Amino acid sequence: MKHHLSDFIDMAYEHTEIVYKWRNQPHIREVMYNSNLLDWKEHLQWFDSIPNDNSKIVKILYYNNKPYGIANFKFTNLQSNIGEWGFYIGEKDAPKGMGKLLAYKMLCYLFEELKIRKVCAEVLDYNQISLNFHGKVGFKQEGILRKHIFKNNNYCDVYLFSIFADEWIQKKRELEKELFN
């Protein structure tokens, strides 16, 4: 399948292997709640569960016909119209700005197409890149779950972030200038 300069598409069977490769890279695993090496069977079970789960959305970012990253969203409270997102750029040689492009595409999709009210994120305290990144794309820190997760023989804090639809509309223009000018 031919993709445009920058496409953002639903994850499909053609992405199973690339996402498995991305997810098992040490630099990606170490910033996940579950840092274990995933086996193929576990990965396929996760993959097969997505089409039957209306609470989950998983998208793949393409740039110049090449997949670079993945973004997912899970509704955590339908009545309140909120959910939690996660994402990563899987290709180490990704052009500069792919993370911002992925965030831009996913937040546009969530707020403008799905009309989500609030998107939340949880970031481990040692993931400095993600802590900084969330601020750059408009998220505000809401709190900290102190010594919440046991990782690397230590209890680490989990930072809580969120962004509302109206905050996104303001931040969107700024990001468009950075990404498309």
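## Pockets and a helix pair in a predicted model

The second largest pocket has a volume of about 210 Å³. A pocket here is an open set of points on a 1 Å grid over the protein atoms alone, where a 1.4 Å probe fits, with protein on both sides within 12 Å along at least five of seven lines, and lining residues have an atom within 4 Å of a point. The volume is the space filled by probe spheres set on the points, which are joined across faces, edges and corners.

This is a predicted model, in which local features need pLDDT of at least 70 and side-chain atom pairs count only at pLDDT 80 or more, while totals for chains, interfaces and linings use all residues. Residues are numbered from 1 along each chain as its sequence is written, and side-chain values use heavy atoms, without hydrogens and water. For the protein chain, the mean pLDDT (the predictor's confidence in each residue, from 0 to 100) is 93, and 97% of residues reach 70 or more.

Residues lining the second largest pocket include Asp10, Phe47, Ile57 and Tyr109. Strand β2 (residues 56-63) gives the most to this lining, three residues. Strands (E, at least two residues) and helices (H or I, at least four) are DSSP runs, numbered from the N terminus.

The largest pocket holds about 1,800 Å³ of space. It is lined by 47 residues, and Val31, Met32, Gly86, Phe87 and Tyr88 are the closest to its centre. Helix α5 (residues 128-136) provides the largest share of that lining, with seven residues.

Ala, Val, Leu, Ile, Met, Phe, Trp, Tyr, Cys and Pro count as nonpolar, Asp, Glu, Lys and Arg as charged, and the others, Gly among them, as polar.

Elsewhere, helix α4 (residues 98-113) packs with helix α6 (residues 165-180) at an angle of about 145 degrees, their axes 10 Å apart. Axes are lines fitted to C-alpha atoms over the stretch in contact, and angles run from 0 to 180 degrees between N-to-C directions. In the contact (heavy atoms within 4.5 Å), residues of α4 including Tyr104 and Phe111 meet residues of α6, among them Trp168 and Leu175. The residues of this contact are eleven nonpolar, no polar and five charged.
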